[in-house]
Amino acid sequence: MAISRVGVIGLGTMGAGIAEVIARNGHGVVAIESSTAALEHGREMMENSTARAVKRGKLTEADRAALLGRVTFTTDYPALSDVDLVIEAVSESLELKKAIFAQVDSIAPPHAILASNTSSLSVTDIAVATQRPAQVVGIHFFNPAPVLSFVEIVKTVVTSQEVVDEAVGFARSLGKEPVVIGDRAGFIANALLFGYLNHAVSMYESKYATREDIDDAMKLGCGYPMGPLMLLDLIGLDTAYEILDTMYKQGRDRLHAPAPILKQLVTAGLRGRKSGRGFYTYEAPGSPVVVDAVDTETVELGETRAIASAGVVGSGTMASGIAEVLAKAGIDVVLVARSADKANQAVTRIQESMDKAVAKGKLTEEERDAALLRVRGTASLRELSYADLVVEAVVEDLEVKRALFVELDRTCKEGAILATTTSSLPVIDLAVATGRPADVVGLHFFNPAAVMKLVEVVRTVATSQEVVNTAIALCRNVGKHPVTCGDRAGFIVNALLFPYLNDSVRMLEANYASADDIDLAMKKGCGYPMGPFELLDVVGLDVSHSIQRTLYLEFREPGFAPAPRLEHLVTAGYLGRKTGHGFRDYSS
Ligand code: 3HC
């Protein structure tokens, strides 16, 4: 069957986007809404979106006119009497969807396929409201539908294979990459996305970090196109609430119980970008322009301490990377390693890294030479006695770090700031090993430190405001983007990232989808730079397992328990790319 005419029911954010994509690909569209006002609003969204596409050179004015000309806007269901496919995209209410499907079933021609764009409700429940359940399928698009190329095709236990094949072919004809999966709440992408989004909301709600810092952390730390709170505004907080609520009711996973503030915002009518306000305030309803974001790069800081000289303890990649960053910014650095040899190796690594930067045109030879003169390697902690700041980047072992902080406390001058780059240990444990806990702060750099812009500035219950201010100012001075958070396992990025990676492993374990399909879903459906299994293999499964275990032990969330498959791979020595085998085999 050739699909040439398609009905789209519901012209909200998703429906309007879906209608646009379909019409753009040459199909006739019957676009249906329940009221004239809603219909007009849907038409406006399509007009605005296609006008933006013209402005961006993605569409010619003539093609835009042809696209809009292919759409019949109506409130009359009988207009669906000659379509080949109907895609429903109304709000996430099972009763509403069932009623619509029953009605459409009585109007659409017998050959027509009926599809739902539901993101979390059971397609099977919807299918049985019709007399043609074998012709009912899920076709789940991602927001913004004209931009994101992934589509989930949901096959219920009664959907015929022929219908699934038709749906797959149709999605491909729209330039989308479809993946066929079973009927489970959240399918692939939402099931992995919404636990993360909900956790980010809880962080914001508990004032663990600001909305800007949470969003910036995930953009800069993980390369996501949007931070979680701004993405929720795009999705719509009402939609997000419904998805989480449905997922919670199906799985009873506490991590999916919608964070209370979501409900409050929805009740207050603050439904995100479409209503002009959600976590952020927008120029106008539907506008992507935020008007109340704080520019965290320039926000005024109170008292700070001067940092002219610094020490870095450690000789690994983090230590040399941090020393390089500080030296390039004009700070004198003493790098202390366990032996003179190790110190020399670290300094050589810094030189090689700077040579690369020169070769790439990111640094001049003069800048490199001046920066290298500022770095000195040594095996003696005593040389840190004049440093204004010492950054510790030794092995992630609490006893080793604690012993070092005792030494630093003895050695460093009064007023020197003692910082740790730990990614998983409590900073307060190190602070209380010293007689100056107010001067101890976390400075969590990301690897490679010379490249990654993000630094998490971790404030313990004892850190003074002046020290936090100094840490923020230092990050700004050395060209990094600081975000501030409390002293909880995983800080912002790891706490939000690793449970999602762990959930992906659980999904694989449950044989719901393949690693390739899951990776594709997150890259093409959410714009992530890497899929979860690609990332796990790069980070290392031992490292990932250890971070996930730390999170589990701190939060005691059953959902954070490391997935058995992850544990087994680590036990087998399959640690990812570094051993040639992880979730994928890299040996050949
Ligand atoms: N037609 C064709 N192309 C269009 C277009 C249209 N109507 N509108 C925008 N584009 C193009 C733009 O021209 C631009 O392309 P270019 O980079 O080649 O110029 C590209 O799309 C991006 O558009 P913008 O420049 O306007 O916007 P940004 O670069 O700021 O990106 C974003 C915005 C695409 C939303 C990006 O931030 C993103 O991908 N965010 C993640 C979104 C996400 O995760 N979605 C999934 C949510 S979950 C979901 O939808 C499931 C549901 O069930 C809830």
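## Backbone geometry

Lys207 sits in the loop that runs between α7 and α8. Although Lys207 is not a glycine, its phi is positive, at about 60°. The model described here is predicted.

One joins Asn143 and Pro144, with omega about 0°. Pro144 belongs to the loop between β6 (136–140) and β7 (150–154). Another cis bond runs from Asn447 to Pro448, and its omega is near -5°. Pro448 is placed in the loop between β14 and β15 (454–459). As background, most peptide bonds are trans, and most residues other than glycine have a negative phi.

## Ligand site

The shell around the ligand holds 24 residues, and those that come nearest are Glu20, Arg56, Lys58, His140 and Asn143. Asn143 is also a partner in the cis bond to Pro144. By class, the shell divides into 14 nonpolar, 6 polar and 4 charged residues.

Where does the ligand lie relative to domain 1 and domain 2? Domain 1 (5–182) and domain 2 (192–275) both contribute residues to the shell, so the ligand lies between them. At least two shell residues come from each of α1 (13–24), α2 (36–55), α7 (189–205), α9 (228–235) and α19 (515–526). Of the elements, α9 gives the most, with 3 residues.

## Polar contacts and burial of the ligand

For Asn190, the distance from a polar side-chain atom to an oxygen atom of the ligand is 3.0 Å. Arg24 places a polar side-chain atom 3.4 Å from a nitrogen atom of the ligand. The ligand taken alone exposes 1100 Å², and the protein buries 73% of that.

## Second largest pocket

The second largest pocket has a volume of about 1400 Å³. Its lining consists of 46 residues, and Thr317, Met318, Glu396, Ser423 and Asn447 lie nearest the centre. Asn447 is also the residue from which the cis bond to Pro448 runs.

Which helices and which strand each supply at least two residues of this lining? The helices are α8 (211–222), α12 (317–328), α15 (398–411), α18 (493–509), α20 (532–539) and α21 (541–555), and the strand is β14 (440–445). In terms of residue class, the pocket lining has 28 nonpolar, 14 polar and 4 charged residues.

## Enclosed cavity

How many cavities of 30 Å³ or more does a search of the whole structure find? The search finds 1. The largest cavity contains about 30 Å³ of space.

The lining of the largest cavity is made up of Ile307, Leu389, Ile417, Leu443, Thr470, Ala471 and Leu474. Helix α17 (residues 465–477) provides the largest share of this lining, 3 residues. The cavity lining divides into 6 nonpolar residues, 1 polar residue and no charged residues.

Key:
Residues are numbered from 1 along each chain as its sequence is written. This is a predicted model: local features need pLDDT of at least 70, side-chain atom pairs count only at pLDDT 80 or more; totals for chains, interfaces and linings use all residues. Side-chain values use heavy atoms; hydrogens and water are left out. On a 1 Å grid over the protein atoms alone, a cavity is a set of points where a 1.4 Å probe fits but cannot get out, and a pocket is an open set with protein on both sides within 12 Å along at least five of seven lines; lining residues have an atom within 4 Å of a point. Grid points are joined across faces, edges and corners, and a volume is the space filled by probe spheres set on the points. Helices (H or I, at least four residues) and strands (E, at least two) are DSSP runs, numbered from the N terminus. Ala, Val, Leu, Ile, Met, Phe, Trp, Tyr, Cys and Pro count as nonpolar, Asp, Glu, Lys and Arg as charged, and the others, Gly among them, as polar. A residue is near a molecule or strand if one of its heavy atoms lies within 4 Å of it. A polar contact is a pair of N or O atoms within 3.5 Å; within protein, one must be able to donate a hydrogen and the other to accept it, and residues adjacent in sequence count only if both atoms are side-chain atoms. Accessible areas come from the Shrake-Rupley method with a 1.4 Å probe; for residues, only the protein chains shown count as cover. Domain bounds come from an automatic or database domain assignment.
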